[in-house]
Every structure is written in structure tokens, then in C-alpha cells.
Amino acid sequence: MTDDLLTIDSFRPHEGTTFVLHATAEHRVDLTLAGVRALGPGSHGSREPFALDFRGPADAPVLAQMTYRLTHEQVGEQEIFLVPVGVTPAGADYEAIFT
């Protein structure tokens with residue numbers, strides 16, 4: 001599925017499930033899709049802007065802001081730009097915005 005076809009409804013059913021981030025060929029990180037949020041009407045295009053909130057494991061280093069390959073059993077493989085937004089005892093939090 002290409003980025004143009006992804007909508008908020010592509011992700012809502014998968015909230016709480018695991019996406020595998022492929023940092024390198026040898027290094028994988030499991031991220032939980034912690035939230036799916038609508039961002040209001042967009043000013044361009046037909047897709048409603050939305051945000052995905054991911055949580056990484058507490059024992060993993062915080063990932064740099066960049067595009068990563070994520071895979072999911074139902075959503076498939078996607079290139080998603082992730083931004084670290086905070087660290088809590090539960091793990092590192094990341095956000096992806098789709099406009």
C-alpha cells in the first residue's frame with residue numbers, strides 16, 4: 001500500500017498491535033501502535049490528515065528522527081517518517097503525521 005492510499009481507517013483497526021521497525025538488516029525494534037488521531041480537515045488533497053502514535057520498548061535506545069521501514073501483518077510494509085516525542089518509564093514515544 002502506498003502512502004497516498006493510506007488513511008486513518010488503514011490504521012484504526014490495528015491500534016494496540018505491533019509494527020516491526022527495521023532499523024538495519026540485523027536490528028529490529030517492535031513498536032506498539034499506541035494511538036491513531038484525526039488532525040482535522042486538510043487544506044490540500046482528499047485524505048483527512050491523521051497522526052499515529054507509536055511506543056517503543058523501555059530498554060531500547062531512542063531512535064533518530066528519520067524514515068524507517070515498518071512491517072505489519074495486515075497493513076504490510078510501509079516507509080514511515082517517525083519523530084521521537086518523549087521518553088517515559090514505559091518506553092520511547094514516536095509520532096508519524098500523514099497530511
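**Core and salt bridges**

Modeller: The largest nonpolar core has 22 residues, and Phe 11, Leu 21, Leu 31, Leu 52, Phe 54, Leu 70 and Leu 82 touch the most other members. A nonpolar core is a set of buried Ala, Val, Leu, Ile, Met, Phe, Trp, Tyr and Cys residues joined through side-chain atoms within 4.5 Å. Buried means under 20% relative accessible area, exposed over 50%, partly exposed in between (1.4 Å probe, protein chains only).

Biologist: Which elements each supply at least two residues of this core?

Modeller: Helix 1 (8-11) and strands 1, 2 (28-38), 3 (50-55), 4 (66-72), 5 (76-88) and 6 (91-98). Helices (H or I, at least four residues) and strands (E, at least two) are DSSP runs, numbered from the N terminus.

Biologist: What are the ground rules?

Modeller: This is a predicted model: local features need pLDDT of at least 70, side-chain atom pairs count only at pLDDT 80 or more, and totals for chains, interfaces and linings use all residues. Residues are numbered from 1 along each chain as its sequence is written, and side-chain values use heavy atoms, without hydrogens and water.

Biologist: Switching topic. How many salt bridges?

Modeller: Five, each a side-chain nitrogen of Lys or Arg within 4 Å of a carboxyl oxygen of Asp or Glu.

Biologist: What does Asp 93 pair with?

Modeller: Arg 55, with the closest N and O atoms 2.7 Å apart. Asp 93 is in strand 6 and Arg 55 in strand 3, 38 residues apart.

Biologist: Is Asp 93 buried or exposed?

Modeller: Buried, because its relative accessible area is 16%. Arg 55 is partly exposed at 29%.
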